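Welcome, and please take a moment to look over the sequence and the model below. We will then walk through it together, one group of side chains at a time.

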Amino acid sequence: MTEKGFETKKMISEAANKLFAEKGFKDVSMSDICKATGLSRGGLYRHYSSTSDIFKEIIEKEYSFDESIEKGNSALDILRFNLKLVEEEILKNQNSLSLAIYEYASIADNKKIFSLLEAKAKKRWMKLIEYGIKTGEFCNVDSEQVSEMILYYYQGLRMWSRIVDIKKKSAGFYRENIIKYLVGEKNGN
């Protein structure tokens, strides 16, 4: 794929992400994405065959830490940065992917796909936690268990934020407790 092709896919993904966050998964069509990007149907279908393909790619890329780990960045800095993104998404409430994720997962054919996506997300968090343990920044914890805690705690807050007003204090409490759990009470600041 050419550099222009990569840029076009990125533009499509960003526009679709915004639409999914606003409308959910079921209410976004390829026509909506064409309008949002200014692409013709042929231009859009050159890169993606369906809204499902676009959504699946968006979810797979959510909170990827590989590049930061490869650069040798601090595990704690990576964690703080990404938990801050999570907190901001929780506080946006109406413009998050929570409804879209739930709708996508509830479609019978997508349950298996979504289980695979959930497993990939867990592995991404596990990789960061194991990296932090290796660098000595995180306590020696069960990375799988903590990854599940992060994912399910986050998904619960994200979904609830669609129907109740999650206060900044509550979202911050989530972020700070994850950090304290991983680095210990004294080093969490």
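A residue is called buried when its relative accessible area is under 20%, exposed when that area is over 50%, and partly exposed in between. Keep in mind as you look around that this is a predicted model.

Let us begin with Asp 32. Its relative accessible area is 18%, so Asp 32 counts as buried. The side chain of Asp 32 meets that of Lys 23 in a salt bridge, with 3.1 Å from N to O. Lys 23 has a relative accessibility of 32% and is therefore partly exposed.

How many salt bridges does the count come to? The count comes to 9 salt bridges. Another one to find joins the side chains of Asp 66 and Lys 127, at 2.8 Å from N to O. Asp 66 belongs to helix 5 (residues 66–70) and Lys 127 to helix 8 (residues 111–135), so this pair ties together parts that are 61 residues apart in sequence. Asp 66 is partly exposed, because its relative accessible area is 33%, and Lys 127 is partly exposed too, with 38%.

Stay with helix 8 for one more bridge. Lys 122 forms a salt bridge with Glu 144, and their closest N and O atoms are 3.1 Å apart. Since Lys 122 lies in helix 8 and Glu 144 in helix 9, the pair ties together parts that are 22 residues apart in sequence. Lys 122 is buried, with a relative accessible area of 13%, whereas Glu 144 is partly exposed at 38% relative accessibility. Elsewhere, you can look for a network of salt bridges that links Lys 84, Glu 87, Arg 175 and Glu 176.

Now turn to the aromatic rings. A pair of aromatic rings is described by the distance of the centres and the angle of the planes. The structure holds 7 aromatic pairs. In one of them, the ring centres of Phe 20 and Phe 55 are 4.9 Å apart and the planes stand at 80 degrees, so the pair is edge-to-face. Phe 20 sits in helix 1 (residues 3–23) and Phe 55 in helix 4 (residues 51–61), so the pair ties together parts 35 residues apart in sequence. Phe 20 is buried, at 0% relative accessibility, and Phe 55 is buried as well, with a relative accessible area of 0%.

Phe 25 and Tyr 104 also form an edge-to-face pair, with 5.0 Å from centre to centre and 80 degrees between the planes. Phe 25 lies in the loop between helix 1 and helix 2 (30–37), while Tyr 104 lies in helix 7 (residues 98–106), so parts that are 79 residues apart in sequence are tied together. Phe 25 is buried, with a relative accessible area of 7%, and Tyr 104 is buried, with 0%. Together, Phe 20, Phe 25, Phe 55 and Tyr 104 form one aromatic cluster.

What about the surface? Met 149, Tyr 153, Phe 173 and Tyr 181 make a nonpolar surface patch of about 390 Å². Helix 9 (143–160) and helix 10 (168–183) each supply at least two residues of this patch. Met 149 has its place in helix 9, and its relative accessibility of 32% makes it partly exposed.

Finally, consider the cysteines. A search of the whole structure finds 0 disulfides. Cys 34 is buried, with a relative accessible area of 8%, while Cys 139 is partly exposed at 32% relative accessibility.

Terms used: Residues are numbered from 1 along each chain as its sequence is written. This is a predicted model: local features need pLDDT of at least 70, side-chain atom pairs count only at pLDDT 80 or more; totals for chains, interfaces and linings use all residues. Side-chain values use heavy atoms; hydrogens and water are left out. Patches are made of residues with over 30% relative accessible area and no salt bridge: like charges are joined within 9 Å, nonpolar side chains (Val, Leu, Ile, Met, Phe, Trp, Tyr) within 5 Å. Accessible areas come from the Shrake-Rupley method with a 1.4 Å probe; for residues, only the protein chains shown count as cover. A salt bridge is a side-chain nitrogen of Lys or Arg within 4 Å of a carboxyl oxygen of Asp or Glu. Helices (H or I, at least four residues) and strands (E, at least two) are DSSP runs, numbered from the N terminus. Buried means under 20% relative accessible area, exposed over 50%, partly exposed in between (1.4 Å probe, protein chains only). Rings of Phe, Tyr and Trp (its six-membered ring) pair if their centres lie within 6.5 Å; planes under 30 degrees apart count as stacked, over 60 as edge-to-face and the rest as tilted. A disulfide is a pair of cysteine sulfur atoms within 2.5 Å.
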